[in-house]
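My entries follow the structure below.

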Amino acid sequence: MKVLVVTPSSHYASRGAAQKDIYSMIELLLEMGHKVALYTLDQLGQSDAVLDWVRDIYKIEVRKFRPTGGLFTWLRVAIFDWVLFDRSAYPFFELMHNKEFNDYVADFKPDTVLSFCSYSWPVAREFKGRGIRTVIRSHNFEPLQFWEELELSGKLNPYNWFRFAVKWHGERRAVLIPDALAAISPKELGEYQRIRAVGVFLLPLVSLTKL
């Protein structure tokens, strides 16, 4: 099976747990006999050397997409789909409308698309519309993560109430749109199963298998 892995900008010299999970997932898919390709969002600070390492160590094709991040374009799009006011989700929307990316997809012809982080739901939405199986790998329940990181003054700010609502509805899409969602812990699994009883699974950090 051909699996296209899509990630946010997350490939840095200092590797955290989420980044290691991505590489361990790629390694696991290869061990299972699948053909894998990686397409990542790009931003300043992401390491080309790390991407070269991924390309060389796993012998897979690695490509990147730099979102334009245009403020007025984002606002114009988000007005018609207000959940895209989440600036984490919008770059994935841009990716899905990028000609170079779509030309690559047409050439690679993936059987399944595995996208990382729940705010990658625009990827799942687009590919599901094309009849391609989709899986989202969630590293946390975004709206609660966002809220817990706010200080008291931030929680009293009405603008953050709006941001929380946007992230909450984005999280619902992340659960309801793909064929399956892989939650990282029993806590997140419980949150997701309140939204969708089937198609949600527990998958702890894949890198833990090495320990």
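How many bridges join strand β5 to strand β6? I looked this up and found three. β5 covers residues 133-137, β6 covers residues 180-183, and the two run parallel. I also checked V135, whose bridge partner in β6 is A180. I keep in mind that the model is predicted.

Next, I looked up the whole sheet. I found an open sheet of seven strands, paired in parallel. I wrote down the order as β3-β2-β1-β4-β5-β6-β7. Which strands stand at the edges? They are β3 (61-65) and β7 (200-202). Each has a single partner strand, so one side of each has no neighbour in the sheet.

Then I turned to helix α6. I saw that α6 packs on the sheet and touches β1 (2-7), β4 (112-116) and β5. The direction of α6 makes about 170° with that of β5.

My last entry is on two helices. I looked up α6 (residues 121-129) against α9 (residues 158-176). Their axes come within 9 Å and cross at roughly 40°. That angle makes α6 oblique to α9. The crossing is left-handed.

Which residues make the contact? From α6 I listed W121, R125 and K128. From α9 I listed G170, R173, A174 and L176. I sorted the residues of this contact by kind: three are nonpolar, one is polar and three are charged.

Key: Residues numbered from 1 in each chain as written. Predicted model: local features only at pLDDT ≥ 70, side-chain atom pairs only at ≥ 80, totals over all residues. Heavy atoms only, no water. Axes fitted to C-alpha atoms, helices over the stretch in contact; angles between N-to-C directions. Helix = DSSP H or I, 4+ residues; strand = E, 2+ residues; numbered from the N terminus. Parallel < 35°, antiparallel > 145°, perpendicular 65-115°, else oblique. Left-handed = near helix turned anticlockwise from the far one by under 90°. Contact = heavy atoms within 4.5 Å. Nonpolar A, V, L, I, M, F, W, Y, C, P; charged D, E, K, R; others polar. Pairing = 2+ DSSP bridges.
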